[in-house]
Amino acid sequence: MSGTSSPRIVIVGAGPAGIRAAATLVEAGLHPVVIDEGHRAGGQIYRRPPAGFLRTPEQLYGSEAAKARALHALFDRLVEAGRLTHCARSSVIAAHEGRLHMLGEGGVQVIGYDRLILATGASDRVAPVPGWQSAGVYSLGAAQIALKAQGMALGRRIVLIGSGPLLTLVGAQLLKAGADVAAVLDTSPYRQQMRGFWGLAVRPVVASRGLALRARLGRRYHAGVTLERIEADASGVTAMCWRDAGGRERLTPCDMIGMGWHLRAETHLADLAGCAFTYDGQWRQWLPKTDRMGRAGNGVYLAGDGVRLLGADGAEIAGRVAAVACLSDLGRPAFSVSADLRKLARLERFARGLALAFPWPFEMVRALPDDAIVCRCENITAGAVREGADFGGGDANRVKSLSRAGMGRCQGRYCQLAAVELVAAQAGCAPNTAGRFRGQAPVRPVPIGAFLGEG
(Lines give C-alpha, C1' and ligand atoms only; values in the text may rest on other atoms or scores of the structure.)
Protein backbone atom coordinates (compact mmCIF):
# COMPACT_ATOMS: atom_id res chain seq x y z
CA MET A 1 0.00 0.00 0.00
CA SER A 2 3.00 2.23 -0.41
CA GLY A 3 1.97 5.61 -1.75
CA THR A 4 -1.34 5.76 0.13
CA SER A 5 -2.01 7.69 3.32
CA SER A 6 -1.61 4.51 5.36
CA PRO A 7 1.96 3.15 5.39
CA ARG A 8 2.47 -0.56 4.98
CA ILE A 9 4.18 -1.91 8.08
CA VAL A 10 5.28 -5.52 8.12
CA ILE A 11 6.25 -7.38 11.28
CA VAL A 12 8.21 -10.62 10.94
CA GLY A 13 7.64 -12.88 13.93
CA ALA A 14 4.65 -13.40 16.23
CA GLY A 15 6.37 -14.12 19.50
CA PRO A 16 6.22 -11.72 22.48
CA ALA A 17 8.06 -8.94 20.58
CA GLY A 18 5.99 -9.22 17.41
CA ILE A 19 2.67 -9.45 19.25
CA ARG A 20 3.37 -6.41 21.38
CA ALA A 21 4.64 -4.40 18.39
CA ALA A 22 1.49 -5.25 16.44
CA ALA A 23 -0.79 -4.31 19.34
CA THR A 24 0.96 -0.94 19.73
CA LEU A 25 0.57 -0.13 16.05
CA VAL A 26 -3.08 -1.16 16.07
CA GLU A 27 -3.68 1.06 19.11
CA ALA A 28 -2.31 3.95 17.04
CA GLY A 29 -4.81 3.24 14.27
CA LEU A 30 -2.57 1.34 11.85
CA HIS A 31 -3.12 -2.08 10.24
CA PRO A 32 0.14 -4.06 10.29
CA VAL A 33 0.89 -7.30 8.46
CA VAL A 34 2.35 -10.00 10.72
CA ILE A 35 4.24 -12.88 9.10
CA ASP A 36 5.04 -15.92 11.23
CA GLU A 37 6.16 -19.49 10.66
CA GLY A 38 3.89 -20.86 13.38
CA HIS A 39 0.30 -21.99 12.88
CA ARG A 40 -0.75 -19.71 15.76
CA ALA A 41 1.01 -16.79 17.42
CA GLY A 42 3.13 -17.26 20.52
CA GLY A 43 6.68 -17.79 19.33
CA GLN A 44 8.98 -20.41 20.76
CA ILE A 45 8.66 -19.46 24.42
CA TYR A 46 4.84 -19.36 24.31
CA ARG A 47 4.40 -21.94 21.56
CA ARG A 48 0.84 -23.20 21.38
CA PRO A 49 -0.05 -26.87 20.97
CA PRO A 50 -2.58 -28.19 18.45
CA ALA A 51 -6.31 -27.88 19.17
CA GLY A 52 -7.55 -30.53 21.57
CA PHE A 53 -4.23 -30.85 23.35
CA LEU A 54 -4.87 -32.01 26.91
CA ARG A 55 -2.08 -30.32 28.83
CA THR A 56 -3.02 -26.95 30.35
CA PRO A 57 -1.08 -23.67 29.94
CA GLU A 58 0.04 -24.06 33.55
CA GLN A 59 1.60 -27.40 32.64
CA LEU A 60 3.13 -26.04 29.45
CA TYR A 61 4.41 -22.65 30.60
CA GLY A 62 4.69 -23.01 34.37
CA SER A 63 5.01 -19.66 36.14
CA GLU A 64 4.65 -17.86 32.79
CA ALA A 65 1.19 -19.28 32.04
CA ALA A 66 -0.66 -16.01 32.77
CA LYS A 67 1.63 -14.03 30.44
CA ALA A 68 1.22 -16.63 27.70
CA ARG A 69 -2.58 -16.61 28.01
CA ALA A 70 -2.69 -12.80 27.90
CA LEU A 71 -0.51 -12.51 24.78
CA HIS A 72 -2.37 -15.28 22.96
CA ALA A 73 -5.74 -13.70 23.75
CA LEU A 74 -4.54 -10.22 22.73
CA PHE A 75 -3.32 -11.36 19.32
CA ASP A 76 -6.37 -13.52 18.66
CA ARG A 77 -8.68 -10.59 19.42
CA LEU A 78 -6.84 -8.36 16.96
CA VAL A 79 -7.03 -11.01 14.23
CA GLU A 80 -10.71 -11.72 14.83
CA ALA A 81 -11.51 -8.00 14.74
CA GLY A 82 -9.70 -7.65 11.40
CA ARG A 83 -7.30 -5.07 12.82
CA LEU A 84 -4.20 -6.78 11.47
CA THR A 85 -3.32 -9.28 8.74
CA HIS A 86 -1.82 -12.52 10.02
CA CYS A 87 0.17 -14.58 7.51
CA ALA A 88 0.54 -17.83 9.45
CA ARG A 89 2.73 -20.77 8.46
CA SER A 90 4.74 -18.42 6.28
CA SER A 91 8.46 -17.77 6.20
CA VAL A 92 10.31 -14.69 4.95
CA ILE A 93 13.21 -16.06 2.92
CA ALA A 94 14.70 -12.81 1.56
CA ALA A 95 14.66 -9.05 2.07
CA HIS A 96 15.91 -6.45 -0.39
CA GLU A 97 15.19 -2.76 -1.03
CA GLY A 98 11.80 -2.55 0.60
CA ARG A 99 10.56 -5.96 -0.50
CA LEU A 100 10.20 -9.30 1.25
CA HIS A 101 10.01 -12.70 -0.40
CA MET A 102 7.57 -14.80 1.61
CA LEU A 103 7.20 -18.56 1.31
CA GLY A 104 3.69 -19.73 2.18
CA GLU A 105 1.28 -22.45 1.18
CA GLY A 106 0.77 -20.80 -2.22
CA GLY A 107 4.47 -20.59 -3.03
CA VAL A 108 6.69 -17.50 -2.96
CA GLN A 109 5.10 -14.04 -2.89
CA VAL A 110 6.74 -10.62 -2.95
CA ILE A 111 5.48 -8.14 -0.35
CA GLY A 112 6.49 -4.50 -0.26
CA TYR A 113 6.83 -2.50 2.93
CA ASP A 114 7.33 1.07 4.04
CA ARG A 115 8.51 0.08 7.50
CA LEU A 116 9.79 -3.31 8.66
CA ILE A 117 9.90 -4.60 12.23
CA LEU A 118 12.00 -7.74 12.62
CA ALA A 119 11.08 -9.80 15.68
CA THR A 120 12.78 -12.98 14.54
CA GLY A 121 13.79 -14.27 17.96
CA ALA A 122 16.62 -16.66 18.65
CA SER A 123 17.55 -20.31 18.28
CA ASP A 124 19.73 -22.71 20.19
CA ARG A 125 23.42 -21.95 20.48
CA VAL A 126 25.16 -25.29 20.17
CA ALA A 127 28.79 -26.30 20.38
CA PRO A 128 30.22 -29.32 18.55
CA VAL A 129 31.00 -32.37 20.67
CA PRO A 130 32.66 -35.41 19.05
CA GLY A 131 29.80 -37.64 17.91
CA TRP A 132 27.11 -34.93 17.88
CA GLN A 133 26.23 -35.79 14.28
CA SER A 134 24.77 -39.12 15.45
CA ALA A 135 21.07 -39.94 15.29
CA GLY A 136 19.38 -39.08 18.57
CA VAL A 137 21.18 -35.77 19.19
CA TYR A 138 18.85 -32.75 19.29
CA SER A 139 18.98 -29.16 20.45
CA LEU A 140 17.33 -28.25 23.75
CA GLY A 141 14.84 -26.17 21.79
CA ALA A 142 13.84 -29.19 19.68
CA ALA A 143 13.26 -31.22 22.84
CA GLN A 144 11.12 -28.43 24.25
CA ILE A 145 9.11 -28.04 21.03
CA ALA A 146 8.33 -31.75 20.98
CA LEU A 147 7.19 -31.56 24.59
CA LYS A 148 5.06 -28.43 24.15
CA ALA A 149 3.59 -29.13 20.73
CA GLN A 150 3.19 -32.90 20.88
CA GLY A 151 3.44 -33.84 24.55
CA MET A 152 6.29 -36.26 23.93
CA ALA A 153 9.91 -36.85 24.89
CA LEU A 154 12.37 -37.55 22.09
CA GLY A 155 14.00 -40.47 23.89
CA ARG A 156 13.44 -43.18 26.47
CA ARG A 157 16.57 -42.29 28.49
CA ILE A 158 17.75 -38.70 28.14
CA VAL A 159 20.96 -36.78 28.83
CA LEU A 160 21.01 -32.98 28.52
CA ILE A 161 24.30 -31.12 27.99
CA GLY A 162 25.30 -27.47 27.72
CA SER A 163 24.82 -24.48 30.01
CA GLY A 164 22.35 -21.71 30.77
CA PRO A 165 18.77 -21.42 32.04
CA LEU A 166 17.25 -23.45 29.20
CA LEU A 167 19.32 -26.48 30.20
CA THR A 168 17.77 -26.81 33.64
CA LEU A 169 14.34 -25.60 32.47
CA VAL A 170 14.03 -28.31 29.82
CA GLY A 171 15.35 -30.90 32.28
CA ALA A 172 12.73 -29.95 34.86
CA GLN A 173 9.96 -29.85 32.24
CA LEU A 174 10.85 -33.32 30.97
CA LEU A 175 10.95 -34.70 34.49
CA LYS A 176 7.57 -33.16 35.28
CA ALA A 177 6.14 -34.78 32.15
CA GLY A 178 7.38 -38.19 33.31
CA ALA A 179 10.45 -38.56 31.07
CA ASP A 180 13.54 -40.46 32.23
CA VAL A 181 16.27 -37.81 32.52
CA ALA A 182 19.49 -39.61 33.41
CA ALA A 183 21.78 -36.59 33.73
CA VAL A 184 21.94 -32.82 33.18
CA LEU A 185 25.54 -31.84 32.45
CA ASP A 186 26.51 -28.16 32.79
CA THR A 187 29.91 -27.10 31.46
CA SER A 188 29.94 -23.99 33.67
CA PRO A 189 31.58 -24.58 37.09
CA TYR A 190 29.85 -23.29 40.22
CA ARG A 191 32.57 -20.67 40.73
CA GLN A 192 31.90 -19.31 37.22
CA GLN A 193 28.17 -19.23 37.87
CA MET A 194 28.76 -17.16 41.00
CA ARG A 195 30.61 -14.53 38.94
CA GLY A 196 27.29 -13.56 37.41
CA PHE A 197 25.61 -13.10 40.80
CA TRP A 198 25.39 -9.29 40.82
CA GLY A 199 23.80 -9.20 37.42
CA LEU A 200 21.31 -11.94 38.27
CA ALA A 201 20.44 -10.27 41.57
CA VAL A 202 18.50 -7.51 39.78
CA ARG A 203 15.74 -10.06 39.16
CA PRO A 204 15.71 -12.09 42.37
CA VAL A 205 12.39 -13.82 41.70
CA VAL A 206 13.54 -15.09 38.30
CA ALA A 207 16.91 -16.14 39.72
CA SER A 208 15.23 -18.02 42.57
CA ARG A 209 12.99 -19.84 40.09
CA GLY A 210 16.09 -20.99 38.26
CA LEU A 211 17.56 -22.33 41.48
CA ALA A 212 14.28 -24.09 42.24
CA LEU A 213 14.35 -25.79 38.84
CA ARG A 214 17.89 -26.96 39.49
CA ALA A 215 16.85 -28.31 42.88
CA ARG A 216 14.19 -30.44 41.18
CA LEU A 217 16.90 -32.11 39.16
CA GLY A 218 18.64 -33.24 42.33
CA ARG A 219 21.68 -35.43 41.80
CA ARG A 220 21.06 -35.54 38.06
CA TYR A 221 22.59 -32.05 37.79
CA HIS A 222 26.38 -31.77 37.50
CA ALA A 223 28.26 -28.48 37.13
CA GLY A 224 31.74 -27.89 35.73
CA VAL A 225 31.77 -31.02 33.58
CA THR A 226 34.04 -31.75 30.63
CA LEU A 227 32.28 -33.29 27.64
CA GLU A 228 34.44 -35.97 26.05
CA ARG A 229 32.34 -37.60 23.32
CA ILE A 230 28.96 -38.96 22.33
CA GLU A 231 29.04 -42.70 21.73
CA ALA A 232 26.77 -44.23 19.11
CA ASP A 233 26.20 -47.29 16.98
CA ALA A 234 24.29 -47.85 13.75
CA SER A 235 20.96 -47.21 15.49
CA GLY A 236 22.02 -43.92 17.10
CA VAL A 237 23.21 -42.58 20.45
CA THR A 238 24.18 -45.14 23.09
CA ALA A 239 25.98 -43.12 25.79
CA MET A 240 27.48 -39.79 26.85
CA CYS A 241 31.12 -39.88 27.94
CA TRP A 242 32.09 -37.01 30.25
CA ARG A 243 34.31 -36.02 33.16
CA ASP A 244 32.94 -34.57 36.36
CA ALA A 245 34.34 -31.50 38.10
CA GLY A 246 36.87 -33.71 39.88
CA GLY A 247 38.20 -35.11 36.59
CA ARG A 248 36.69 -38.60 36.97
CA GLU A 249 35.55 -40.16 33.71
CA ARG A 250 31.86 -41.04 33.59
CA LEU A 251 29.75 -42.91 31.06
CA THR A 252 25.98 -42.39 31.09
CA PRO A 253 23.94 -44.74 28.87
CA CYS A 254 21.17 -42.97 26.92
CA ASP A 255 19.34 -43.00 23.60
CA MET A 256 18.80 -39.24 23.28
CA ILE A 257 20.95 -36.19 23.96
CA GLY A 258 19.68 -32.60 24.06
CA MET A 259 22.30 -29.87 23.81
CA GLY A 260 22.49 -26.08 24.02
CA TRP A 261 24.44 -23.16 25.46
CA HIS A 262 21.81 -20.47 25.93
CA LEU A 263 20.76 -18.80 22.63
CA ARG A 264 22.03 -17.22 19.44
CA ALA A 265 20.21 -14.30 17.87
CA GLU A 266 18.45 -15.05 14.56
CA THR A 267 20.00 -12.34 12.38
CA HIS A 268 19.85 -13.57 8.78
CA LEU A 269 17.01 -11.27 7.73
CA ALA A 270 18.57 -8.31 9.52
CA ASP A 271 21.70 -8.93 7.48
CA LEU A 272 19.79 -9.07 4.19
CA ALA A 273 17.82 -5.94 5.15
CA GLY A 274 21.10 -4.04 5.32
CA CYS A 275 21.59 -3.73 9.08
CA ALA A 276 25.07 -3.06 10.43
CA PHE A 277 26.56 -5.49 12.96
CA THR A 278 28.87 -5.30 15.94
CA TYR A 279 30.69 -8.05 17.81
CA ASP A 280 29.61 -8.59 21.43
CA GLY A 281 32.60 -10.02 23.27
CA GLN A 282 30.60 -11.21 26.26
CA TRP A 283 28.04 -13.13 24.21
CA ARG A 284 30.75 -13.96 21.61
CA GLN A 285 28.25 -13.24 18.85
CA TRP A 286 27.77 -10.71 16.06
CA LEU A 287 24.60 -8.73 16.82
CA PRO A 288 22.77 -6.06 14.78
CA LYS A 289 23.40 -2.43 15.68
CA THR A 290 20.40 -0.33 16.73
CA ASP A 291 19.71 2.71 18.82
CA ARG A 292 17.95 2.37 22.18
CA MET A 293 14.57 2.29 20.44
CA GLY A 294 15.45 -0.50 18.03
CA ARG A 295 16.08 1.64 14.94
CA ALA A 296 18.50 -0.02 12.54
CA GLY A 297 18.17 2.50 9.69
CA ASN A 298 16.45 2.42 6.28
CA GLY A 299 13.01 2.00 7.84
CA VAL A 300 14.01 -1.20 9.65
CA TYR A 301 13.43 -1.77 13.37
CA LEU A 302 14.56 -4.71 15.48
CA ALA A 303 13.02 -6.10 18.65
CA GLY A 304 13.41 -9.12 20.88
CA ASP A 305 16.08 -11.79 21.02
CA GLY A 306 17.02 -11.21 17.38
CA VAL A 307 18.94 -8.12 18.51
CA ARG A 308 19.32 -8.35 22.30
CA LEU A 309 19.03 -11.61 24.24
CA LEU A 310 16.77 -10.40 27.02
CA GLY A 311 14.20 -13.20 27.16
CA ALA A 312 10.42 -13.09 26.80
CA ASP A 313 9.83 -10.14 29.15
CA GLY A 314 12.49 -8.07 27.42
CA ALA A 315 11.16 -9.04 23.98
CA GLU A 316 7.66 -7.88 24.86
CA ILE A 317 8.92 -4.49 26.04
CA ALA A 318 11.29 -4.11 23.08
CA GLY A 319 8.44 -4.87 20.67
CA ARG A 320 6.42 -1.99 22.06
CA VAL A 321 9.45 0.34 22.01
CA ALA A 322 10.27 -0.51 18.38
CA ALA A 323 6.67 0.14 17.36
CA VAL A 324 6.73 3.51 19.13
CA ALA A 325 9.96 4.39 17.29
CA CYS A 326 8.25 3.49 14.03
CA LEU A 327 5.24 5.66 14.87
CA SER A 328 7.47 8.57 15.82
CA ASP A 329 9.41 8.31 12.54
CA LEU A 330 6.13 8.34 10.63
CA GLY A 331 5.17 11.57 12.36
CA ARG A 332 2.29 9.97 14.23
CA PRO A 333 1.47 10.50 17.90
CA ALA A 334 3.54 8.08 19.91
CA PHE A 335 3.49 6.82 23.49
CA SER A 336 6.00 7.46 26.26
CA VAL A 337 8.59 4.72 26.59
CA SER A 338 10.86 6.17 29.27
CA ALA A 339 9.73 3.55 31.81
CA ASP A 340 10.17 0.81 29.18
CA LEU A 341 13.73 1.90 28.48
CA ARG A 342 14.56 1.75 32.19
CA LYS A 343 13.15 -1.79 32.35
CA LEU A 344 15.21 -2.80 29.32
CA ALA A 345 18.38 -1.47 30.99
CA ARG A 346 17.60 -3.61 34.04
CA LEU A 347 16.96 -6.68 31.90
CA GLU A 348 20.21 -6.01 30.04
CA ARG A 349 22.10 -6.19 33.32
CA PHE A 350 20.40 -9.49 34.14
CA ALA A 351 21.23 -10.87 30.69
CA ARG A 352 24.87 -9.87 31.12
CA GLY A 353 24.85 -11.76 34.39
CA LEU A 354 23.61 -14.84 32.55
CA ALA A 355 26.28 -14.49 29.88
CA LEU A 356 28.95 -14.30 32.56
CA ALA A 357 27.56 -17.15 34.65
CA PHE A 358 26.94 -19.53 31.75
CA PRO A 359 29.52 -18.74 29.06
CA TRP A 360 29.90 -20.12 25.56
CA PRO A 361 32.57 -22.89 25.85
CA PHE A 362 35.00 -21.47 23.28
CA GLU A 363 37.99 -23.23 24.83
CA MET A 364 36.24 -26.59 24.43
CA VAL A 365 35.49 -25.75 20.81
CA ARG A 366 39.06 -24.71 20.05
CA ALA A 367 40.34 -28.00 21.51
CA LEU A 368 38.22 -30.19 19.21
CA PRO A 369 40.16 -33.03 17.57
CA ASP A 370 40.66 -32.71 13.82
CA ASP A 371 38.26 -35.56 13.05
CA ALA A 372 35.35 -34.03 14.99
CA ILE A 373 32.44 -32.83 12.84
CA VAL A 374 31.85 -29.07 13.03
CA CYS A 375 29.33 -28.54 10.22
CA ARG A 376 26.76 -31.31 10.38
CA CYS A 377 24.95 -30.28 7.19
CA GLU A 378 28.04 -30.64 5.00
CA ASN A 379 29.95 -33.14 7.20
CA ILE A 380 32.91 -30.75 7.57
CA THR A 381 35.50 -31.58 10.23
CA ALA A 382 37.45 -29.31 12.55
CA GLY A 383 40.57 -30.32 10.64
CA ALA A 384 39.06 -29.11 7.36
CA VAL A 385 38.19 -25.74 8.91
CA ARG A 386 41.72 -25.40 10.30
CA GLU A 387 43.15 -26.29 6.89
CA GLY A 388 40.93 -23.65 5.32
CA ALA A 389 42.29 -21.10 7.80
CA ASP A 390 45.85 -22.07 6.85
CA PHE A 391 45.10 -21.28 3.20
CA GLY A 392 42.61 -18.47 3.66
CA GLY A 393 44.07 -16.74 6.68
CA GLY A 394 41.86 -15.41 9.45
CA ASP A 395 38.90 -14.48 7.24
CA ALA A 396 35.74 -16.43 8.09
CA ASN A 397 34.09 -16.02 4.69
CA ARG A 398 37.17 -17.14 2.81
CA VAL A 399 37.39 -20.23 5.01
CA LYS A 400 33.69 -20.81 4.40
CA SER A 401 34.34 -20.83 0.64
CA LEU A 402 37.32 -23.16 0.95
CA SER A 403 35.81 -25.64 3.42
CA ARG A 404 32.04 -25.35 2.73
CA ALA A 405 31.39 -24.95 6.45
CA GLY A 406 28.12 -23.05 6.85
CA MET A 407 26.89 -23.74 3.31
CA GLY A 408 24.36 -26.40 4.21
CA ARG A 409 20.64 -26.34 4.98
CA CYS A 410 21.01 -24.45 8.26
CA GLN A 411 23.07 -21.67 6.60
CA GLY A 412 25.57 -21.70 9.46
CA ARG A 413 23.03 -21.34 12.27
CA TYR A 414 24.54 -24.26 14.15
CA CYS A 415 28.16 -24.25 13.04
CA GLN A 416 29.12 -20.60 12.42
CA LEU A 417 30.08 -19.69 15.98
CA ALA A 418 32.24 -22.78 16.36
CA ALA A 419 33.79 -22.46 12.91
CA VAL A 420 34.78 -18.84 13.55
CA GLU A 421 36.36 -19.82 16.89
CA LEU A 422 38.45 -22.42 15.06
CA VAL A 423 39.45 -19.95 12.35
CA ALA A 424 40.47 -17.36 14.94
CA ALA A 425 42.47 -19.87 16.95
CA GLN A 426 44.26 -21.20 13.87
CA ALA A 427 45.04 -17.72 12.56
CA GLY A 428 46.02 -16.37 15.99
CA CYS A 429 43.44 -13.59 15.95
CA ALA A 430 40.28 -12.63 17.82
CA PRO A 431 36.86 -13.88 16.62
CA ASN A 432 35.77 -10.32 15.79
CA THR A 433 38.80 -9.99 13.53
CA ALA A 434 37.90 -13.24 11.74
CA GLY A 435 34.45 -11.78 11.01
CA ARG A 436 31.16 -13.54 10.39
CA PHE A 437 29.55 -15.52 7.60
CA ARG A 438 27.68 -13.23 5.22
CA GLY A 439 23.95 -13.85 5.03
CA GLN A 440 22.46 -14.88 1.73
CA ALA A 441 19.02 -15.62 0.37
CA PRO A 442 17.08 -17.79 0.72
CA VAL A 443 17.56 -17.93 4.46
CA ARG A 444 15.61 -21.23 4.57
CA PRO A 445 15.63 -24.14 2.12
CA VAL A 446 12.99 -23.55 -0.58
CA PRO A 447 11.79 -26.03 -3.20
CA ILE A 448 12.25 -24.81 -6.77
CA GLY A 449 8.56 -25.40 -7.42
CA ALA A 450 7.68 -22.71 -4.88
CA PHE A 451 9.23 -20.07 -7.13
CA LEU A 452 7.23 -21.43 -10.06
CA GLY A 453 3.94 -21.16 -8.21
CA GLU A 454 3.64 -24.93 -7.78
CA GLY A 455 3.38 -24.82 -3.94
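**Entry 1: helix pairs**

I began with H4 and H5, whose crossing is left-handed; that term applies if the near helix is turned anticlockwise from the far one by less than a right angle, and clockwise would be right-handed. The contact, meaning heavy atoms within 4.5 Å, involves Leu140, Gly141, Ala143, Gln144 and Leu147 of H4, and Leu166, Leu167, Leu169, Val170, Gln173 and Leu174 of H5. I sorted the residues of this contact into eight nonpolar, three polar and no charged. For that sorting, Ala, Val, Leu, Ile, Met, Phe, Trp, Tyr, Cys and Pro are nonpolar, Asp, Glu, Lys and Arg are charged, and the others, Gly among them, are polar.

Before going on, I noted the ground rules. The model is predicted, so local features need pLDDT of at least 70 and side-chain atom pairs count only at pLDDT 80 or more, while totals for chains, interfaces and linings use all residues. Residues are numbered from 1 along each chain as its sequence is written, and side-chain values use heavy atoms, with hydrogens and water left out.

Helix H4 covers residues 140–150 and helix H5 residues 165–176; they pack at about 30°, with axes 10 Å apart. Axes here are lines fitted to C-alpha atoms, for helices over the stretch in contact, and angles run from 0 to 180 degrees between N-to-C directions. Helices (H or I, at least four residues) and strands (E, at least two) are DSSP runs, numbered from the N terminus. H4 and H5 are therefore roughly parallel to each other, a label for angles under 35 degrees.

Next I checked H10 (residues 311–329) against H11 (residues 338–357): their axes come within 10 Å and cross at roughly 145°. The crossing of H10 and H11 is left-handed. On the H10 side I listed Asp313, Gly314, Ile317, Ala318, Arg320 and Val321, and on the H11 side Asp340, Leu341, Lys343, Leu344 and Leu347. This contact divides into six nonpolar, one polar and four charged residues.

I worked on a 1 Å grid over the protein atoms alone: a cavity is a set of points where a 1.4 Å probe fits but cannot get out, a pocket is an open set with protein on both sides within 12 Å along at least five of seven lines, and lining residues have an atom within 4 Å of a point. Grid points are joined across faces, edges and corners, and a volume is the space filled by probe spheres set on the points.

I counted five cavities of 30 Å³ or more. The largest cavity has a volume of about 310 Å³. Its lining has 24 residues, with Arg264, Thr267, Gln416, Arg436 and Phe437 nearest the centre. H15 gives the largest share of that lining, four residues. By class I found eight nonpolar, nine polar and seven charged residues there.

The second largest cavity holds about 50 Å³. Its lining includes Ala318, Val321 and Leu344, which I had already met in the contact of H10 with H11.

I also looked at the second largest pocket, about 310 Å³ in volume. Helix H12 (residues 362–366) supplies the largest share of its lining, three residues.

**Entry 2: backbone**

Which peptide bond is cis? The one from alanine 441 to proline 442 is, with omega near -5°. Proline 442 sits in the loop between H16 (431–434) and H17 (448–451).

Glutamate 97 has a positive phi of about 50°, although it is not a glycine. I found glutamate 97 in the loop between strands E4 (91–96) and E5 (99–104).

Note on methods: Parallel < 35°, antiparallel > 145°, perpendicular 65-115°, else oblique.
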